[in-house]
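Here are a few exercises to work through with the model open beside you. Try each task before reading its solution.

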Amino acid sequence: MKVNINILSSLLGCKDNLQNFNKLWSCLTIYERASLAKNTNTPDNILLFLATDNDSFVREYVAENNAINADIINILAKDSSYSIRCIIASRTTSLSVIEILANDHVSQVRECIAANHKTTPEILKKLSAERSRYVREAALNNPYRIKYEY
């Protein structure tokens with residue numbers, strides 16, 4: 001479903017008036033918000049708002065959007081949904097986000113970090129000693145790791 005261009009224009013036009021913005025925002029269906037979230041032409045201020053949407057379906061589309069900026073990545077790296085943190089862990093190039101997610105309490109998130117080609121050799125070494133077999137295997141199979149002496 002495509003977002004009604006009039007609604008998007010109205011949202012962008014009233015971004016300085018929070019009351020009008022919230023009123024228009026509440027008119028959008030989950031499918032319209034998801035459409036905005038995955039659109040690489042959606043402005044950053046709207047993506048930032050979508051990154052905190054109540055619905056994880058919408059936030060997942062934001063996380064998959066190639067146009068999100070560092071502020072949005074940082075917000076989504078702390079998301080309550082581990083699947084969203086996994087998406088960010090798989091895609092991020094930010095060392096600070098990699099370091100945070102390498103210590104995530106959910107092993108699937110750490111596994112995504114271990115498979116990320118931007119993860120540093122130091123973090124990969126740590127993850128290769130993980131209790132979770134899947135995290136260990138992802139770290140050991142990362143083509144960018146250095147050879148370790150065990």
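Buried means under 20% relative accessible area, exposed means over 50%, and partly exposed is in between (1.4 Å probe, protein chains only). This is a predicted model, where local features need pLDDT of at least 70, side-chain atom pairs count only at pLDDT 80 or more, and totals for chains, interfaces and linings use all residues. Residues are numbered from 1 along each chain as its sequence is written, and side-chain values use heavy atoms, leaving out hydrogens and water.

**Exercise 1.** Work out what joins Asp79 and Arg59, and where each one sits.

Step 1. Take the rule: a salt bridge is a side-chain nitrogen of Lys or Arg within 4 Å of a carboxyl oxygen of Asp or Glu. By that rule there are five salt bridges.

Step 2. Asp79 and Arg59 make one, at 2.6 Å from N to O. Asp79 is in the loop between α6 (70-76) and α7 (82-91), while Arg59 belongs to helix α5 (residues 56-64), so this pair ties together parts that are 20 residues apart in sequence. (Helices are DSSP runs of H or I, at least four residues, numbered from the N terminus.)

Step 3. Check accessibility: Asp79 comes out at 9% and Arg59 at 8%, so Asp79 is buried and so is Arg59.

**Exercise 2.** Are Arg133 and Glu137 buried, partly exposed or exposed?

Step 1. Start with the contact: the closest N and O atoms of Arg133 and Glu137 are 3.5 Å apart, and the two form a salt bridge.

Step 2. Now the spacing. They're four residues apart in helix α11, which means about one helical turn separates Arg133 from Glu137.

Step 3. Arg133 has a relative accessible area of 43% and Glu137 has 37%. Arg133 is therefore partly exposed, and Glu137 is partly exposed too.

**Exercise 3.** Describe how α9 and α11 pack.

Step 1. Two packed helices are described by the angle between their axes and the distance between the axes. Axes are lines fitted to C-alpha atoms over the stretch in contact, with angles from 0 to 180 degrees between N-to-C directions.

Step 2. For α9 and α11 the angle is about 10° and the axes lie 7 Å apart. That makes α9 roughly parallel to α11 (angles under 35 degrees).

Step 3. List the contacts, meaning heavy atoms within 4.5 Å: Ser107, Arg110, Glu111, Ala114 and Ala115 of α9 meet Tyr134, Val135, Ala138 and Ala139 of α11.

Key: Helix = DSSP H or I, 4+ residues; strand = E, 2+ residues; numbered from the N terminus. Parallel < 35°, antiparallel > 145°, perpendicular 65-115°, else oblique.
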